[in-house]
Amino acid sequence: MATSKTFVSQSQFFATKTHLRKNPDRIDSSSITCVFHDLTKPPHGFHKLSFPLNLKPSHFALKSNSNSHVRIVNMPSICRSRVVSPDAIKDENHNNEKPMTFVEELRSVAMKLHVKEPAKEGGKKKTMAQILMGAEMPSLDGYVKFLVDSKLVYDTLENIISNPTSWPCAQLRNTGLERSGALANDLEWFSQEMGMQIPSPTAFGISYACYLEEISMKNPKAIPCHFYDIYFGHAVGGRILGKKVAEKILENKELEFYKYNGELSEMLQNVREKLNIVAEGWSREDKDQCLEQTEISFKYSEDIMKLIILS
């Protein structure tokens, strides 16, 4: 199975979420997936993203606004995006003997966002994961921040999926891919065995959690894209990255975050089928709007992933 990965940054206002402002010892920490995908199918395009949501600014911001009493975040995006017309998508499906399933479309759009940089020698390319993990020694403090932010994101997404009001479809519940409980155990291990103080989530994790909550209310059909990018990205490439980190700073300890109860390949196939069922009956416009969320998911994911080496 070919794997690849992209990180992208974000430039967003943070929503005011008072329930997220908890004490460090009470926070539902996080984990973010390094967004890897199994990319074994032919690609197809996606539409240009129009960045949604007018989220309210909050105290999590990094830059003051002299005209108000709030502070806002200004973070540059380094994402490389592409635009493929809807007609090109339709033509590709039309030219294939069998139309792509919705999961195949999710995989295809993700593949088009994988950013690689030329290596200095040999003309080959390195993924962003290789650049991040190869050039720098991971930071233990940064890695814990990465796990805390990731847990917040998983908590938020899993709460959305389990809530019939925000997500009426039951297909994506209790798939076995859930990671929040495993991350809680890992953070407890860092606290008890490593003597580390578990920090509060960073602005990056809070921003993604706020976005997921907002989009679940405004456009629930966007959720499957984030579900796919987060869970499949972690199950495929995230475990590889986790192993590299463990080799360098954890004496090869395997965290619960990277363990699954059951045969992972079977679980992933089962979830693929469920995602296709969820999208049954969707119009082309519904599917396209969902696919457009891929770039947003990648942006948030890159910011959280970079905590591993920036702290």
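Predicted model: local features only at pLDDT ≥ 70, side-chain atom pairs only at ≥ 80, totals over all residues.
Residues are numbered from 1 along each chain as its sequence is written. Local features need pLDDT of at least 70, side-chain atom pairs count only at pLDDT 80 or more, totals for chains, interfaces and linings use all residues, and side-chain values use heavy atoms, without hydrogens and water.

**Exercise 1.** Classify the pair formed by the rings of Y154 and Y231.

*Solution.* Start with the criteria: rings of Phe, Tyr and Trp (its six-membered ring) pair if their centres lie within 6.5 Å, and planes under 30 degrees apart count as stacked, over 60 as edge-to-face and the rest as tilted. Next, the centres of Y154 and Y231 are 5.3 Å apart and the planes stand at 65 degrees, so this pair is edge-to-face. Helices here are DSSP runs (H or I, at least four residues), numbered from the N terminus.

**Exercise 2.** Now classify Y228 and F232, and say whether they are buried or exposed.

*Solution.* Their centres are 4.7 Å apart with 25 degrees between the planes, which makes the pair stacked. Y228 and F232 are four residues apart in helix α7, so about one helical turn separates them. Both are buried, meaning under 20% relative accessible area with a 1.4 Å probe, protein chains only (exposed is over 50%, partly exposed in between).

**Exercise 3.** Which ring does R179 lie over, and which K253?

*Solution.* Apply the test first: NZ of Lys or CZ of Arg must be within 6 Å of the ring centre and within 35 degrees of the ring normal. R179 lies over the face of Y260, 4.0 Å from the ring centre. K253 lies over W189, at 4.6 Å.

Note on methods. Helix = DSSP H or I, 4+ residues; strand = E, 2+ residues; numbered from the N terminus.
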